[in-house]
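Dear colleague,

Here is the structure I said I would pass on. My notes on it follow below the model.

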Amino acid sequence: MPLANAFLRPEELGQESFFDLAAAFCLDCGMVQLLEQPACEKMFHAEYPFFTGSSQFMKNHFEKQALKILAKYPPSSDPFIVEIGSNDGTFLSHFTRHGVRHAGFEPAGGPAEIARAQGVQTVPSFFDAGSASDLAGQDGRADVIFAANVMCHMPNLHSVFEGVSRLLKPAGVFIFEDPYLGDVLSGTAYDQIYDEHVFLFSVRAVMGLARRHGMEVSDLEPVPVHGGSMRFTVNFKGSKPVSPRVDEALAVETQRGLDKAETFHQFRRRVEESRDALKNLLEDLKKKGKRVMGYAATSKSTTVLNYCGITPGLLESICDTTPAKQGKLSPGAHIPVVPYEDFKKNNPDYALLFAWNHRQEIFAKEAEFSRGGGQWILFVPEVQILGAGQS
Ligand code: TMP
């Protein structure tokens, strides 16, 4: 499997690096994680093409979360807010605007530059025990540490937790949200498995992880982003009351068999069926002379394209709003990525929706495509075609 965001220029063909993508489940601690983890520097660099602000839905989501924190920690109380993986500053910009002390760790050069241009204080480093200590020494300890879709990216999770415990005030909270294992399993969302998703968290695994660092999960909340995520609130053990929601969620996981190997064997079988159904559908459409275009060159699409063996003969191109991906080829499968405007111009018969987690936003934006007879192909939770009136 290539790296999910290693979109390449045509002249870079033949220079891709590949790794063995395999996820495993630990019967002891309940963690699902990749067996081989590519080096972080290979993934998050100056040309890293993911920008949080490319989705209006995500911008609204982070604004809501920032306002919640501001209500609990008003500017008058002089809080210090830290974000791990602050990307283009979408979340922290709300604190900049209110003059609140903040800092974001962001090693990816492109997004960090956009954040700085908005006045977001950005530390150009990976977050770990060392960089967290440095910040604590320089600016003091944090009231809130926030991370969204970042914790699951970090192979050195223990150093990250150690960093959190060095940087957080004794009564501070660490809030993080990531794709939730339970949703990946129920949606057969195998495309959540790629190089950057080193871990898929369950409540049980996060509780165990926090415990090993003198902390505990005091609350959690399912959040409807990235195809189903869980937001965890973690703090030093005993510093906050623990919500009954934590034990309830753990009981649901046990009831669903999230602690059993057989659950993962069943998942693998559903994934293989989904792969075959998608490939067969695309081959069938090709035989019928239909034109299929991909919609959104997501990180997840790299897993789908390469795992299912989808070639440029089956999918003519993928449209995407991110300028850094346009004009390039998708990693491994080499499907051309074209500007978003080409979707309307090319007017395909079918659109394979890779950004299924942004489905509502996209269907609303593309109502004209469906009205004109265009059909959507979905593969989560199962391979299906949505005809007129269904999107
Ligand atoms: P991700 O799934 O890896 O977060 O990436 C989302 C990608 O989807 C990103 O490249 C932008 C793209 N996108 C579109 O092209 N159109 C859209 O309407 C949305 C919401 C996302």
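I begin with the ligand. One of its oxygen atoms is 3.3 Å from an N or O atom in the side chain of Lys300. Please keep in mind that this is a predicted model, and that every distance here is computed from it. For Thr322, an N or O atom in the side chain is 3.1 Å from a ligand oxygen. On its own the ligand has 490 Å² of accessible area, and the protein covers 97% of that. Helix H11 (299-308) and helix H13 (359-365) are the elements that give two or more residues to the shell around the ligand.

There are 15 residues around the ligand, and those that come nearest are Phe50, Ser299, Asp320, Lys325 and Lys365. By type, the shell divides into seven polar, four charged and four nonpolar residues.

Helix H11 also holds Thr303. Is Thr303 buried or exposed? Its relative accessible area is 4%, so Thr303 counts as buried, the cut-off being under 20%. The side chain of Thr303 reaches the backbone oxygen of Ile193 at 2.7 Å. Leaving out residues up to four places away in sequence, Thr303 touches Ile193 along with Met1, Leu21, Tyr190, Asp191, Tyr194 and Cys308.

The next site is His94, placed in helix H3 (residues 93-97). His94 is buried because its relative accessible area is 8%, again set against the limit of under 20%. A polar atom of the His94 side chain lies 3.5 Å from the backbone oxygen of Thr90. Beyond its neighbours within four places in sequence, His94 is in contact with Phe62, Glu63, Ala66 and Leu70. Of these contacts, Glu63 is 31 residues from His94 along the chain, and the two C-alpha atoms are separated by 7.0 Å.

Last, a strand pair. Strand S9 (residues 215-223) and strand S10 (residues 229-236) run antiparallel and are joined by eight bridges. Met215 stands opposite Phe236 in S10. What lies between the strands of this hairpin? Five residues separate S9 from S10, and in this hairpin His226 takes a positive phi near 50°.

Regards

Terms used: Residues are numbered from 1 along each chain as its sequence is written. This is a predicted model: local features need pLDDT of at least 70, side-chain atom pairs count only at pLDDT 80 or more; totals for chains, interfaces and linings use all residues. Side-chain values use heavy atoms; hydrogens and water are left out. Helices (H or I, at least four residues) and strands (E, at least two) are DSSP runs, numbered from the N terminus. Buried means under 20% relative accessible area, exposed over 50%, partly exposed in between (1.4 Å probe, protein chains only). Contact means heavy atoms within 4.5 Å. A polar contact is a pair of N or O atoms within 3.5 Å; within protein, one must be able to donate a hydrogen and the other to accept it, and residues adjacent in sequence count only if both atoms are side-chain atoms. A residue is near a molecule or strand if one of its heavy atoms lies within 4 Å of it. Accessible areas come from the Shrake-Rupley method with a 1.4 Å probe; for residues, only the protein chains shown count as cover. Ala, Val, Leu, Ile, Met, Phe, Trp, Tyr, Cys and Pro count as nonpolar, Asp, Glu, Lys and Arg as charged, and the others, Gly among them, as polar. Two strands pair if DSSP finds at least two bridges between them.
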